[in-house]
Amino acid sequence: MLKSTMLQSAGLALAILAGVLPAGAADLGAKDEPIRLAMLEWTGAHISTHIAGQLLQKLGYKVEYVTAGNFPQFSGLADGTLSASVEIWLNNVGDIFPKVLAEKKIEDIGKLGLETKEGWIYPKFMEQVCPGLPDWTALEKPECVQALSTPETAPNGRFLDYPADWGSRAATIIADNNMPYTAVPSGSEGALVAELEASEAAKTPLLMMFWGPHYALAENDVGWVKMPPCKDESNEHCIRPPDVDKIVWSGFGQKWPAAYEFLKQLQVNATDQQKMMLAVDKKGQDLDTVVKAWVEANEAVWKPWIDAAKE
């Protein structure tokens, strides 16, 4: 028995030295230093971030929400100015993300579990304006191009794109296929939704870049364009349902071990997120209050994540 106990103790000591204790065996670390979470431009990311923040607070951490741009955030994550960003759409990360990931200044800690859609959408009435939709070739027909043309883009049709600082593949895909369209950046997420709603109400032709989950998709009848074949398999030339990952500063796990384990466990359901977005964006409810209500109603969902981090 004594020999067995000694062997177990020696094994435990070796495990500690090797850093191979179970992932759940983590302490809070620098709990008095705030974890700075990136707050990106869209409401879905606000919700995911506040879910993470409220649950980190339950774990015993201080949390700060820091406004950050979709591309600039990676500089902040690389130098530790930002601690974590929990809703990174990997189809839209620019050039700096792969660079700082390769340099191991940031760490990808896994999928958020968010079921996503992204691509070109149109109000369903457009299928009468552009016969042949949702196939992309319908967009090349002269009557369709003319219907979507504006003084700003004539003789090309107008394609409503993401805000300029989000980045987009639309203009590249249009060029790849010599499509008679001009990509025009929108001003914001709100501007994209406003145009979709106005188009639906007035039956004004519209073709635009969009994504899901989004509350607007629950309130507007839209079609998704069946995209042309990719000219190149890189992300710049293709649109695919994107993966959404969680990214942390490279020193995060060492500084806040339990938080690190918790964020690896964190998952966000697209249907739940979309309902919360509707409450915030359409009904004008307070973001923090909406997320708090979800947290209170879903302890069975998130408690295992916290338990795993605290063990």
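A pocket is taken here as an open set of grid points with protein on both sides within 12 Å along at least five of seven lines. The model to which this is applied is predicted. By that criterion, the second largest pocket has a volume of about 190 Å³. Its lining is formed by Glu115, Thr116, Lys117, Gly212, Pro213, Ala218, Ala270, Thr271, Gln274, Lys275 and Leu278. Helix H12 (residues 270-282) supplies the largest share of this lining, 5 residues. By class, the lining of the second largest pocket comprises 4 nonpolar, 4 polar and 3 charged residues. Both domain 1 (26-115 + 243-310) and domain 2 (117-224) give residues to the lining, so the second largest pocket lies between them.

The largest pocket has a volume of about 300 Å³. It is lined by 15 residues, of which Asn91, Val93, Gly94, Asn235 and Glu236 are the closest to its centre. The lining of the largest pocket divides into 5 nonpolar, 7 polar and 3 charged residues. At least three residues of this lining come from each of domain 1 (26-115 + 243-310) and domain 2 (117-224).

Rolling a probe the size of a water molecule over the atoms shows where empty space is left. The structure holds 1 cavity of 30 Å³ or more. The volume of the largest cavity is about 120 Å³. Trp42, Asn70, Trp89, Asn91, Asn92, Glu118, Tyr162, Trp166 and Trp211 line the largest cavity. The lining of this cavity is made up, by class, of 5 nonpolar, 3 polar and 1 charged residues. Domain 1 (26-115 + 243-310) and domain 2 (117-224) each provide at least three residues of the cavity lining. Asn91 is found both in the lining of the largest cavity and among the residues closest to the centre of the largest pocket.

The protein chain as a whole has 14 helices and 10 strands. Its C-alpha atoms fill a box of roughly 85 × 40 × 35 Å, taken along the principal axes. Of the 311 residues in the protein chain, 47% are buried. In soluble globular proteins, nonpolar side chains tend to be buried together. In the present model, the largest nonpolar core has 95 residues, and those with the most contacts inside it are Leu56, Trp120, Phe262 and Leu263. Helix H2 (residues 43-59) gives the most to this core, with 7 residues. Residues of the core come from both domain 1 (26-115 + 243-310) and domain 2 (117-224), so the core lies between the two.

Two helices were considered individually. H2 has 17 residues and reaches 24 Å from its first C-alpha to its last, close to the 24 Å expected at 1.5 Å a residue. Of these 17 residues, 14 are buried, so H2 is largely enclosed by the rest of the structure. Just after H2, Gly60 takes a positive phi of about 115°. In helix H11 (residues 257-265), 7 of the 9 residues are buried, so H11 is likewise largely enclosed by the rest of the structure. The buried residues of H11 are Pro257, Ala258, Ala259, Tyr260, Glu261, Phe262 and Leu263. Among them, Phe262 and Leu263 are also listed with the residues that have the most contacts inside the largest nonpolar core.

Notes:
Residues numbered from 1 in each chain as written. Predicted model: local features only at pLDDT ≥ 70, side-chain atom pairs only at ≥ 80, totals over all residues. Heavy atoms only, no water. Core = buried A, V, L, I, M, F, W, Y, C linked by side-chain atoms within 4.5 Å. Buried < 20%, exposed > 50% of the residue type's maximum accessible area, 1.4 Å probe, protein only. Helix = DSSP H or I, 4+ residues; strand = E, 2+ residues; numbered from the N terminus. Domains from an automatic or database assignment. 1 Å grid on protein atoms, 1.4 Å probe; cavity = no way out; pocket = protein on both sides within 12 Å on 5 of 7 lines; lining within 4 Å. Points joined across faces, edges and corners; volume = space filled by probe spheres on them. Nonpolar A, V, L, I, M, F, W, Y, C, P; charged D, E, K, R; others polar. Expected span 1.5 Å × (residues − 1).
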